[in-house]
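My notes follow in the order in which I looked.

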Amino acid sequence: RRENTRFTRLNLLGWAMLCPYAVELIRHGSTPLEKPYYPTAEESKDWHEALKKIVKEALGNPYIRNSLLSIQYEFEHELGIQFADGLICAKSKQDVFALVRTRNSKDIFALYIELASRINIAKPWQALLRGIFLYYSLRLPVGIVIASPEKIIYKVLTDEDQSDILLRLHRPTEGFEPRQNLCSLCELASFCSARAL
């Protein structure tokens, strides 16, 4: 480890977008580095694999395949975020990453697809963080898609998204009231003394 560097999982940073207490836990190294076990992991895995199969078939369509320059599944990466007292490095994996050429154009953009058994409240923030990683790695426009059995949400990454993330990561805990609904879903709840019961 480098001096003044904290390591975490990007999923936890998604919760930090929603709660400044989560940011403090991560910044001070109070979160576990090991991958957590979820009681619904096996059930989620089945949905995840089924969705991945659908996406692979869709991307194999000749009409779409002609626009694909490259595609990777389970693309691993790290994202670093600077704080006054050090750096947080978050490790992550993108379900589907592709470089795509726009129709009738030479323009290229990065496409990131997140597959989930359900879309929880932190998932869009996690996707935005992964999209920012792609933007700074490739310097290309980034399209983000989150797909679950219930719905699909999507957006194109903008400068405002990055500004919003930085504001949320640097906001103080003063005046923030933990909410029971949020705390009951948070992956950091068992480590947080400020959580609403």
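**Conventions.** I am working on a predicted model, in which local features need pLDDT of at least 70, side-chain atom pairs count only at pLDDT 80 or more, and totals for chains, interfaces and linings use all residues. Residues are numbered from 1 along each chain as its sequence is written, and side-chain values use heavy atoms, with hydrogens and water left out.

**Helix α2.** I took helices (H or I, at least four residues) and strands (E, at least two) as DSSP runs, numbered from the N terminus. Helix α2 spans residues 20-27 and includes R27. I checked burial next, with buried meaning under 20% relative accessible area, exposed over 50%, and partly exposed in between (1.4 Å probe, protein chains only). Six of the eight residues of α2 are buried, so I noted the helix as mostly covered. The buried ones are P20, A22, V23, L25, I26 and R27. After the helix comes G29, with a positive phi near 75°.

I then looked at R27 itself. Its side chain makes a polar contact with the side chain of E24 at 3.1 Å. A polar contact here is a pair of N or O atoms within 3.5 Å; within protein, one must be able to donate a hydrogen and the other to accept it, and residues adjacent in sequence count only if both atoms are side-chain atoms. With contact set as heavy atoms within 4.5 Å, I listed the partners of R27 beyond its neighbours within four places in sequence: R6, F83, D85 and I88.

**The cavity.** The search ran on a 1 Å grid over the protein atoms alone: a cavity is a set of points where a 1.4 Å probe fits but cannot get out, a pocket is an open set with protein on both sides within 12 Å along at least five of seven lines, and lining residues have an atom within 4 Å of a point. Grid points are joined across faces, edges and corners, and a volume is the space filled by probe spheres set on the points. I found one cavity of 30 Å³ or more. The largest cavity holds about 110 Å³ of space. Its lining has 14 residues, and C19, A22, C183, C186 and C192 lie nearest its centre. At least two lining residues come from each of α2 and α7 (180-185). Helix α2 gives the most, with three residues.

I sorted the lining by class: Ala, Val, Leu, Ile, Met, Phe, Trp, Tyr, Cys and Pro count as nonpolar, Asp, Glu, Lys and Arg as charged, and the others, Gly among them, as polar. The cavity lining has 13 nonpolar residues, no polar ones and one charged.

**The second largest pocket.** I put its space at about 200 Å³. Which elements each supply at least two residues of its lining? They are α3 (41-59), β4 (108-115) and β5 (142-147). Helix α3 gives the most, with five residues. The lining includes L51, I54, L111, V145 and S148. By class I noted eleven nonpolar residues, one polar and no charged.

**Ring pairs.** I searched for Phe, Tyr and Trp rings (the six-membered ring for Trp) with centres within 6.5 Å, where planes under 30 degrees apart count as stacked, over 60 as edge-to-face and the rest as tilted. The whole structure gives four aromatic pairs. The rings of F75 and F97 have centres 4.9 Å apart and planes at 20°, so I logged the pair as stacked. F75 lies in strand β2 (residues 68-83) and F97 in strand β3 (residues 86-101), so the pair ties together parts 22 residues apart in sequence. Both F75 and F97 are buried.

**S92.** I placed S92 in strand β3. It counts as buried, at 11% relative accessibility. The S92 side chain makes a polar contact with the side chain of R130 at 2.6 Å. Leaving aside neighbours within four places in sequence, S92 is in contact with L10, F75, E76, H77 and R130.

**Positive phi.** I noted E74, which is not a glycine, with a positive phi near 55°. E74 sits in strand β2 and is partly exposed, with a relative accessible area of 29%. R139, also not a glycine, has a positive phi of about 55°. I found R139 in the loop between α5 (123-138) and β5, where it is exposed at 54% relative accessible area.
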